[in-house]
Protein chains: 2
Amino acid sequence: MITTCVDVFVKEDCIQDFIKATEKNHRGSVSEPDNFRFDILQSNDNPCHFVLYEVYKTAEGVAAHKETAHYLEWRDTVADMMAKPRQGNKFTMLFPEA
Amino acid sequence: MITTCVDVFVKEDCIQDFIKATEKNHRGSVSEPDNFRFDILQSNDNPCHFVLYEVYKTAEGVAAHKETAHYLEWRDTVADMMAKPRQGNKFTMLFPEA
């Protein structure tokens with residue numbers, strides 16, 4: 001399965017607004033048919049550091065996510081909250097198997 | 001929930017043996033009562049780079065994992081496969097909620 005770990009660093013005064021916007025994106029994303037995981041993590045060492053852990057069963061599912069209303073709203077809502085550009089790292093999930 | 005992302009870099013000639021040992025650890029770990037996720041990822045950019053994505057419902061579950069036979073066997077089996085010491089980063093899972 002196709003896994004993307006997205007590191008996001010937000011400005012300190014945006015933490016609560018970021019969580020609110022990202023919860024909405026989470027709820028929409030887990031309802032997508034090809035989604036397997038869409039976990040939202042906050043670092044214990046740095047509360048400004050979040051990770052979006054996104055797993056999709058297919059490449060089509062990854063592409064479809066980028067077209068959804070909830071993703072597009074999230075992207076625009078959080079753009080100015082970020083302390084630096086977000087970075088996605090790609091992995092293949094070996095276990096559990098699809 | 002308590003989330004640990006463990007970055008592991010293995011020697012190139014150990015990749016297949018590492019996957020085999022880690023699959024066994026995965027199967028044992030997901031059967032633990034307090035385990036929520038125990039995903040095994042391999043980087044698309046560097047096949048020597050793995051992430052163990054471990055989520056537990058309680059601190060007791062995290063501690064209990066370290067006492068299991070499958071964890072102890074994995075730890076000893078993979079020790080010499082690593083190119084450098086593994087590193088765990090701690091997060092709190094915000095969504096999904098427990």
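**Close-up views of a predicted two-chain model**

**View 1. Chains A and B meet through the same surface.** In this predicted model, 100% of the interface residues of chain B are also interface residues in chain A, so the copies meet through the same surface. Chain B gives 19 residues to the contact, and chain A gives 19 residues. On the side of chain B that touches chain A, the elements with two or more residues are α1 (15-29), β2 (35-43), β3 (49-56) and β4 (87-95) of chain B. The largest share, six residues, belongs to β4(B). By class, this side of chain B holds ten nonpolar, six polar and three charged residues.

**View 2. Chain B laid on chain A.**

**View 3. Strand pairing between β4(A) and β2(B).** Strand β4 (residues 87-95) of chain A pairs with β2(B). The pairing is antiparallel and runs over four bridges. Here A:Phe91 stands opposite B:Ser43 of β2(B).

**View 4. Helices α1 and α3 of chain A.** The axes of α1 (residues 15-29) and α3 (residues 69-78) of chain A come within 9 Å. They cross at roughly 165 degrees. An angle over 145 degrees counts as roughly antiparallel, and α1(A) and α3(A) are therefore roughly antiparallel to each other. Their crossing is left-handed. From α1(A), the contact includes A:Phe18, A:Ala21 and A:Lys24. From α3(A), the residues include A:His70, A:Tyr71 and A:Trp74. This contact of α1(A) with α3(A) has five nonpolar, six polar and one charged residues.

Definitions and conventions
Residues numbered from 1 in each chain as written. Chains lettered and ligands numbered in written order. Predicted model: local features only at pLDDT ≥ 70, side-chain atom pairs only at ≥ 80, totals over all residues. Contact = placed C-beta atoms within 7 Å. Nonpolar A, V, L, I, M, F, W, Y, C, P; charged D, E, K, R; others polar. Pairing = 2+ DSSP bridges. Axes fitted to C-alpha atoms, helices over the stretch in contact; angles between N-to-C directions. Parallel < 35°, antiparallel > 145°, perpendicular 65-115°, else oblique. Left-handed = near helix turned anticlockwise from the far one by under 90°.
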